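Trainee: Hi, I have a structure open and would like to talk it through. Can we take it piece by piece?

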Amino acid sequence: DESSLSRRHIFQRALFAVPALAINPQQSIAGNFTPGGTLVDREIGILVGNSEASASRDINNGNVLFSQDNYFKFGVAASWIEPGTTDFPKTMPFVLSQQRYDTLKKYKARVDAGVQAVVDLESVIKAGNYRSITDGDDPKYALRPLGLLANGFLASENTGTTNELLLARWFINEAYLRLGDMRKASSEADAMSAYDAGKKSINSYFSMMNRVITSKVGDKFEYFKTT
């Protein structure tokens, strides 16, 4: 009838008025939507916020160790955190010291050994053997324990998944990606550049963890020496 035709006409006009961006998932992710699906009115991208972030990150965050991280939620990279600084992030989640103590006791030795395995890669690169470097899935780097440590330090049943935990995961993911970047590098200089960025990722992660390691919790992590 006439009323149904009128309604159909209105619907068709509304449909054609929808921007192409909203019906094209790939454009949405690259333009206004974060990988987590949040609509934002600012620029997003894997290098936005930190030009030293890995360019090998998939725009959908599909090739990282922890899919839900800072980029997943906010659609941008994070700034590096200088060792020992406390200005970013502004605050840290409250987690009981007993939980932090138990978590550190469980994972510190594995994390220390994993980070030492990353440290050892400098000599591998300088010897020209960077193509032999294994990627971040190799358990010797202990990147998953880094994530479990962050879970115990930055989240609880009361807080759920915090923004600070997502930030820590972003740093872990950057270290993960940089291991692959080292192996795929086209030159020793490129491999060393990826290595240096990986060090900054781990130092940033340690800066966060050390902020919540009090004398009651245990010993703080030692930072990489950076150039």
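Predicted model: local features only at pLDDT ≥ 70, side-chain atom pairs only at ≥ 80, totals over all residues.

Trainee: OK. Where is Thr162 found?

Mentor: Thr162 is in the loop between H6 and H7. Helices (H or I, at least four residues) and strands (E, at least two) are DSSP runs, numbered from the N terminus.

Trainee: And is Thr162 buried or exposed?

Mentor: Thr162 has a relative accessible area of 10%, so it is buried. Buried means under 20% relative accessible area, exposed over 50%, and partly exposed in between (1.4 Å probe, protein chains only).

Trainee: What about Ser156, where is its place?

Mentor: Ser156 sits in the loop between helix H6 (143-154) and helix H7 (163-184). If you leave aside its neighbours within four places in sequence, Ser156 is in contact with Phe94 and Gln99.

Trainee: How many residues apart in sequence are Ser156 and Gln99?

Mentor: They're 57 residues apart in sequence, and 8.7 Å apart in space, C-alpha to C-alpha.

Trainee: Let's zoom out. How many helices and strands are there in the protein?

Mentor: Eight helices and zero strands. From the N terminus on, the elements run α-α-α-α-α-α-α-α.

Trainee: And how much of the protein counts as buried?

Mentor: The protein has 227 residues, and 44% of them count as buried. Among contacts between residues at least 6 apart in sequence, 74% join residues at least 24 apart.

Trainee: Back to H6. How many of its residues are buried?

Mentor: Nine of the 12, so H6 is largely enclosed by the rest of the structure. The buried residues of H6 include Leu143, Pro145, Leu146 and Phe153.

Trainee: What do the buried residues of H6 pack against?

Mentor: They pack against helix H4 (97-119), H7 and helix H8 (188-211).

Trainee: What span should H6 have?

Mentor: At 1.5 Å a residue, its 12 residues should span 16 Å, and the end C-alpha atoms are 16 Å apart, which agrees. The expected span is 1.5 Å times one less than the number of residues.

Trainee: At what angle do H6 and H7 pack?

Mentor: About 170 degrees, with their axes 9 Å apart. Axes are lines fitted to C-alpha atoms, for helices over the stretch in contact, and angles run from 0 to 180 degrees between N-to-C directions. That angle makes H6 roughly antiparallel to H7. Angles under 35 degrees count as roughly parallel, over 145 as roughly antiparallel, 65 to 115 as roughly perpendicular and the rest as oblique.

Trainee: Which residues make the contact?

Mentor: Among them are Leu146, Ala150 and Asn151 of H6, and Leu165, Arg169 and Ile172 of H7.

Trainee: New topic: how many salt bridges does a search of the whole structure find?

Mentor: Seven. A salt bridge is a side-chain nitrogen of Lys or Arg within 4 Å of a carboxyl oxygen of Asp or Glu. In one of them, the side chains of Glu52 and Lys200 meet (3.0 Å, N to O).

Trainee: Where do Glu52 and Lys200 lie?

Mentor: Glu52 lies in the loop between helix H2 (25-31) and helix H3 (70-74) and Lys200 in helix H8, so the pair ties together parts that are 148 residues apart in sequence. Glu52 counts as partly exposed at 35% relative accessibility, and Lys200 counts as partly exposed at 26%.

Trainee: Which residue does Asp196 form a salt bridge with?

Mentor: Lys199, with the closest N and O atoms 3.7 Å apart. Asp196 and Lys199 both lie in helix H8, three residues apart, about one turn of the helix. Asp196 is partly exposed at 21% relative accessibility, whereas Lys199 is buried at 4%.

Trainee: And which residues are linked in a network of salt bridges?

Mentor: Arg57, Asp69 and Glu174.

How values were computed. Residues numbered from 1 in each chain as written. Heavy atoms only, no water. Contact = heavy atoms within 4.5 Å.
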